[in-house]
Amino acid sequence: MTVLAALLLGLAPVGPPAPPVFGSATEAVYVDVFVTCHGVPVTGLSAADFEVKDDGVFQEPRLAGQETVRLTPVLVFDTSGSLEGRNLEHLRAAGHAFVDGLRSDEPAALITFSHEVVLRVAPTFDRRPLHESLDRVKAGGSTAALDALYAALRHRWGAGRAAIVLFTDGDDDLSWLDAGAVLAAARQSTALVDVVAAGEAPEADPATSDPALPRPGESACMKLLRDVARTTGGTVWPCSYAGLRRAFLEVLGSLHARYVLGYEPQGVAHPGRHRLEVKVKGRPAEVQARTEYWVER
Amino acid sequence: MGLSSLYAVCLVGAVAAETPLSLADLLERYRGGGREEVVSEVAAWPRERVWKHVERVQGRVQGKQDLGGPLTLVVMLHTDAALLDRARRRAFGSDLQMEAARAFVRLVPADPVGASFARRWYLGVASYEQGLWDAGRARSLLEEARRRFPQDAELLVALGSVDEMEGSLPPPSPPPPAVARPGGILVRSYDASARDRREELMKAEESYRQALALEPGLGEARLRHARVLARLGEGAESLAELGRVLEGPVDERARYLAHLFAGHVLEEGGRPEEAVAAYRRAVEAAPRCQAGRLALAHALDGLRSQEGAALVLLQAITPDDAEGGRRDPWWTYPFGQADRVGSILDGLRREAGQ
């Protein structure tokens with residue numbers, strides 16, 4: 001199993017990052033990386049353990065401090081009709097556990113969606129409004145997952161970078177925006193997107209399968225969510241409703257266990273799309289990192 | 001002449017002998033204060049009892065014998081039992097009670113009063129099914145209604161909206177190129193799904209066109225016709241049709257949706273400035289609607305107007321609880337007239353109970 005993450009910012013290494021589209025004068029790129037071996041996070045790596053290629057050109061990464069690219073977890077919860085009853089209780093419990101597990105210096109926010117997308121709690125260090133809002137959530141209505149994800153990707157979350165954790169248990173049936181709009185927003189965003197999918201089949205083994213392949217029976221919506229997660233450096237966490245709490249804690253653990261690599265791009269000074277490759281040298285490991293970034297023309 | 005005098009017949013003999021309650025008693029309780037209780041009882045009847053009951057009522061009506069209450073009341077009793085059954089089983093219940101109601105509505109006479117009742121029953125119940133995404137049941141009801149009322153433009157629009165709903169479902173995932181062997185099963189399956197959706201949209205377009213031929217002033221038909229034309233790739237025709245919608249007398253809903261749909265056509269057609277203008281008009285028409293603001297934010301993003309996009313997006317997702325929540329016509333548009341189901345069925349219950 002692998003997990004998270006990547007990012008790059010077209011700015012100096014210190015100070016609040018965050019314009020969602022990278023400027024043309026890219027001075028530094030930051031990529032956050034989650035490394036696992038047989039599902040267990042790998043810690044203690046140094047910059048020399050990583051190999052980073054930007055559009056196929058080797059770069060010289062260094063390890064950046066967590067403060068350089070602070071994360072703002074944004075919970076994006078599907079509260080459509082299929083969540084009525086015990087399923088909503090499981091989701092609430094998972095949300096509470098996630099909020100309780102946040103570090104004291106991590107702000108967090110909450111969006112809910114059914115047919116309507118609602119910003120319930122703007123980023124805050126205060127846990128009380130998050131808990132209270134989770135307790136007040138009701139289930140009902142259709143599912144506009146794409147609209148919700150677009151809003152989360154494009155909303156300005158303040159200093160730091162959004163770590164979007166989207167929960168859904170169904171197909172999208174009412175979004176106004178389409179898959180193209182969402183995927184473009186993901187490519188141009190600095191956000192990291194993890195998707196917790198109740199009822200989904202277990203993730204395929206990345207060592208033996210192509211992540212671009214659709215899973216049997218996978219809906220177009222889930223395929224898109226998988227693509228968005230992969231593009232931004234996140235992943236899809238399949239689980240049962242009863243397993244939601246555990247899944248959310250695993251997502252949180254992955255957010256806390258990431259490496260942040262920084263480099264000044266060498267030999268790739270061009271606007272537009274840049275493909276990224278990150279590997280761990282000389283040892284078996286699965287690496288989850290953003291697969292591309294975008295420099296504005 | 002009232003419905004009760006039109007359809008009233010008594011069943012006391014046959015059903016009372018078989019069951020503790022006569023149909024007359026059931027209808028009296030249904031019409032009186034015990035509606036919920038009697039609906040619940042009827043919903044629990046076993047299959048055999050329901051069909052014996054259907055046969056007996058059919059026999060009585062054909063023999064012009066008294067039922068002990070209006071036939072329309074029998075229709076609504078079983079309709080409510082069906083709705084209760086569906087609600088309890090989360091929409092996957094059997095068709096038993098609905099089929100019984102449907103069998104009875106076929107017996108309702110074709111005079112003006114009866115026809116009006118039957119027509120609204122088909123429309124209301126089909127819209128209910130459509131609201132549950134059950135296109136098969138909705139289509140079946142509407143096709144039956146169309147056979148009975150072939151010149152009814154509103155039924156045509158309802159039928160078209162079911163086809164439009166199916167044709168507008170998210171497309172299936174295309175098979176990845178690495179495994180998509182030309183002519184292989186993955187490619188053929190994907191092509192068939194895409195073709196099916198287009199065929200549904202073409203059927204919807206045909207229904208709306210027929211409805212407009214019958215009733216050129218039917219704004220809902222024109223609005224939906226425009227939307228379907230856009231989905232079929234006929235952007236210019238769609239814009240022209242939307243222009244005609246806006247030239248006529250339009251309410252807030254139609255004005256909002258017409259501008260929203262026009263913005264989408266313009267955006268898809270590579271005319272982003274005009275799309276932004278259309279979305280702005282949609283937001284002006286219905287300032288509290290969400291889809292219009294999301295569309296505008298996305299279009300502004302495309303124009304690199306990031307400050308404006310951020311502000312509009314924030315407005316789109318900020319709750320407006322003080323005024324009791326949003327009501328965006330886009331949220332109900334895919335479901336045809338499902339938002340009218342409550343008022344249609346309430347009207348039928350009142351009418352049947354008179």
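**Entry 1: contact between the chains**

I looked up the contact between the two chains of this predicted model, and I found 25 residues of chain B in contact with 26 residues of chain A. Two residues are in contact if their C-beta atoms, placed from the backbone, lie within 7 Å. On the side of chain B that touches chain A, the elements giving two or more residues are α16 (290-302), α17 (306-317) and α18 (329-332) of chain B. Helices (H or I, at least four residues) and strands (E, at least two) are DSSP runs, numbered from the N terminus. I noted that α16(B) gives the largest share of this side, 7 residues. By class, I recorded 19 nonpolar, 4 polar and 2 charged residues on the side of chain B that touches chain A. Ala, Val, Leu, Ile, Met, Phe, Trp, Tyr, Cys and Pro count as nonpolar, Asp, Glu, Lys and Arg as charged, and the others, Gly among them, as polar.

Residues are numbered from 1 along each chain as its sequence is written, and chains are lettered from A and ligands numbered from 1 in the order in which they are written. In this predicted model, local features need pLDDT of at least 70 and side-chain atom pairs count only at pLDDT 80 or more, while totals for chains, interfaces and linings use all residues.

**Entry 2: helix α9 of chain B**

I checked the span of α9 (residues 135-148) of chain B: its 14 residues should span 20 Å at 1.5 Å a residue, and the end C-alpha atoms are 20 Å apart, which agrees. The expected span is 1.5 Å times one less than the number of residues. In α9(B), I listed A135(B), A138(B), R139(B), L141(B), L142(B) and A145(B) as buried. The buried residues of α9(B) fall within an arc of 165° seen down the axis, so they line one face of the helix; the arc is that of the directions from the helix axis to the C-beta atoms. The face turned away from the buried side carries the exposed residues G136(B) and R147(B). A residue is buried if 20 or more other C-beta atoms, placed from the backbone, lie within 10 Å of its own, exposed if 12 or fewer, and partly exposed in between. The cover over the buried residues of α9(B) includes α8 (112-131) and α10 (153-167) of chain B.

**Entry 3: domains of chain A**

I read the domain assignment of chain A, an automatic or database one, as domain 1 (29-66 + 257-295) and domain 2 (69-255). Their C-alpha centres lie 24 Å apart.
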